[in-house]
Amino acid sequence: MNDLKIGIIIPDRGDRPKFLDNCLRMMNAQTKKPDAVALINEPPKSTECDITFRYRTGYNQLRDQNLDCILLIENDDWYDPRYIERMVETWCENDKPDLLGYDYTIYYHINLKKWLRFEHHNRASAMNTLIKSDMNFSWCPDHERYTDIWIWHKCPEIHSRKIVKPLTHLCMGIKHGVGMSGGEFHSTYLDRYKNTDDDHIFLKTFMDPESLKFYTNSNNFIV
């Protein structure tokens with residue numbers, strides 16, 4: 001695995017710089033560091049969501065860099081220092097499919113201090129999806145919010161897909177309301193957050209100290 005070359009795509013609109021700084025810190029702290037980083041942070045052209053445009057642009061930038069696989073990284077979410085290493089190991093263990101991802105996502109709402117475990121149906125969230133690097137496939141429209149649903153369910157050029165269950169939580173979707181959000185769990189469906197975490201016991205169980213310090217500092221989440 002050590003000789004594999006890994007790329008990551010980080011979409012960014014410039015509307016949450018503290019999160020981006022924290023994301024870059026987490027990527028630099030990975031036990032297997034990426035060989036190439038596509039940070040797509042050009043100014044938005046409109047007020048529409050453009051996350052698909054940023055993922056597509058990043059993928060096209062990385063395709064010709066002789067990489068083995070590419071991971072989609074969201075700048076506000078938490079990643080364990082072993083995240084890239086374990087994703088790539090799992091990809092190799094499963095014969096390097098076109099797509100690999102986790103079968104559930106932990107969503108943690110910072111303002112509510114509550115979390116939920118969201119089970120997926122034959123797909124993964126973008127934040128924990130790995131894509132083979134040399135594919136030529138059609139993307140959904142640039143303004144489509146749910147890039148992950150498209151590439152997992154609606155893209156005919158992607159043939160082999162593998163969903164796995166990690167042994168422990170290696171990433172977490174952080175909800176907060178800062179900047180433009182792609183999904184709906186920031187401000188809607190809040191009744192789904194059933195698990196309370198008033199003393200951050202849940203976060204303390206999984207997060208590394210630097211990440212815990214960032215995500216429990218309320219000054220980082222002032223809109």
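Q: What share of the contacts in the protein between residues at least 6 apart in sequence join residues at least 24 apart?
A: A contact requires heavy atoms within 4.5 Å. Among contacts between residues at least 6 apart in sequence, 76% join residues at least 24 apart. The structure is a predicted model, in which local features need pLDDT of at least 70 and side-chain atom pairs count only at pLDDT 80 or more, while totals for chains, interfaces and linings use all residues. Residues are numbered from 1 along each chain as its sequence is written, and side-chain values use heavy atoms, with hydrogens and water left out.

Q: What makes the radius of gyration agree with that of a compact globule?
A: The radius is taken over C-alpha atoms, and the globule rule is 2.2 Å times the number of residues to the power 0.38. For 223 residues the rule gives a value near 17 Å; the protein has 16 Å, which agrees. The C-alpha trace spans about 45 × 40 × 30 Å along its principal axes.

Q: What counts as a helix or a strand, and how many of each has the protein?
A: Both are DSSP runs numbered from the N terminus: helices are H or I with at least four residues, and strands are E with at least two. The protein has six helices and eleven strands.

Q: Why are β4 and β11 placed at the edges of the sheet?
A: Two strands pair if DSSP finds at least two bridges between them. Five strands form an open sheet with mixed pairing, in the order β4-β10-β6-β7-β11. β4 (78–79) and β11 (195–196) each have a single partner strand, so one side of each is left without a neighbour in the sheet.

Q: How do you know that strand β6 pairs with strand β10?
A: Three bridges join β6 (residues 104–109) to β10 (residues 171–175), and the two strands run parallel. The bridge partner of Y108 in β10 is I174.

Q: Which strands are joined to β8 by three bridges, and in what direction do they run?
A: Strand β3 (residues 69–72) is joined to β8 (residues 129–132) by three bridges, and the two run antiparallel. L71 has L130 as its bridge partner in β8. Strand β5 (residues 99–102) is also joined to β8 by three bridges and runs antiparallel to it. L99 stands opposite I131 in β8.

Q: Is H200 buried or exposed, and where is it found?
A: H200 has a relative accessible area of 15%, and is therefore buried. H200 is found in the loop between β11 and α5 (201–206). Its phi is near 60°, a positive value in a residue other than glycine.

Key. Buried < 20%, exposed > 50% of the residue type's maximum accessible area, 1.4 Å probe, protein only.
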